[in-house]
Amino acid sequence: MTIKDVSTNTIKQLIVIFYVSALLVQLLVVAKVVPYNWVNGGMSKSYEVQLVQSLMSLVIISVLFIFVLGLASQNGKVKQWKLRALYTITFFWLLGLFLQIAGTEFERYVLSLSLLLGVISHGMLAWRTRLSMSP
């Protein structure tokens, strides 16, 4: 099986699962269900400091979610700059994965799995988009 064999709908579903899980974690931190010192490498000095970061993360993740889902719905009719943006977003999540592995136990064992799904699904979408753009 190759990436060409994976349906666009499957890739979209993986992307939705990733973004919903990322948003859910931040909402759980805001709601104090997940302790603030379990995220951000345990470096936040207080809940109030982490609250600002989590709220910013919610906004950024939401914007990326809308952008990437929009790309996934364009079926290869993507401008070159959008493909480059997708590569950049994929790299951003890959960097995040490496940071999670170096973080707290919660980040290593829970969040890194979510980010791995994000890297894989974004990479698959970028690859599929690039292939569909080729003449």
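Helices (H or I, at least four residues) and strands (E, at least two) are DSSP runs, numbered from the N terminus. I keep to that throughout these notes.

**Ground rules.** I am working on a predicted model, where local features need pLDDT of at least 70, side-chain atom pairs count only at pLDDT 80 or more, and totals for chains, interfaces and linings use all residues. Residues are numbered from 1 along each chain as its sequence is written, and side-chain values use heavy atoms, with hydrogens and water left out.

**Entry 1: Gln50.** I began with Gln50, which sits in helix 2 (residues 47–72). Is Gln50 buried or exposed? Its relative accessibility is 4%, so Gln50 counts as buried (buried is under 20% relative accessible area, exposed over 50%, partly exposed in between, with a 1.4 Å probe and protein chains only). Next I looked up its contacts (heavy atoms within 4.5 Å). Apart from neighbours within four places in sequence, Gln50 is in contact with Gln26, Val29, Tyr36, Val39, Asn40 and Ser44.

**Entry 2: Ser54.** I stayed in helix 2, where Ser54 is also found. Ser54 has 0% relative accessibility and therefore counts as buried. Leaving out residues up to four places away in sequence, I find Ser54 touching Gln26, Val29 and Val30.

**Entry 3: helix 1.** Gln26 and Val29 had come up among the contacts of Ser54, and I then found both in the list of buried residues of helix 1.

How do helix 1 and helix 2 pack? Helix 1 (residues 8–30) meets helix 2 at an angle of about 165°, and their axes are 9 Å apart. Axes here are lines fitted to C-alpha atoms, for helices over the stretch in contact, and angles run from 0 to 180 degrees between N-to-C directions. That makes helix 1 roughly antiparallel to helix 2 (under 35 degrees counts as roughly parallel, over 145 as roughly antiparallel, 65 to 115 as roughly perpendicular and the rest as oblique).

**Entry 4: the loop between helix 1 and helix 2.** I noted two residues here. Lys32 lies in this loop, follows helix 1 and has a positive phi near 65°. Lys32 counts as exposed because its relative accessibility is 58%. Asn40 is in the loop between helix 1 and helix 2 as well, and its phi is near 60°, a positive value in a residue other than glycine. With a relative accessible area of 26%, Asn40 is partly exposed.

**Entry 5: Lys77.** I moved on to the loop between helix 2 and helix 3, the place of Lys77. Lys77 is exposed, at 69% relative accessibility. I also looked up a pair that is 52 residues apart along the chain: the C-alpha atoms of Lys77 and Thr129 are separated by 8.1 Å.

**Entry 6: helix 3.** Helix 3 (residues 80–101) has 22 residues. Which of its residues are buried? I count in Lys82, Leu83, Ala85, Leu86, Ile89, Thr90, Trp93, Gly96, Leu97 and Gln100. Seen down the axis of helix 3, these buried residues fall within an arc of 155°, so they line one face of the helix (the arc is that of the directions from the helix axis to the C-beta atoms). On the face turned away from that buried side I find the exposed residues Arg84, Thr88, Phe91, Phe98 and Leu99.

Conventions
Expected span 1.5 Å × (residues − 1).
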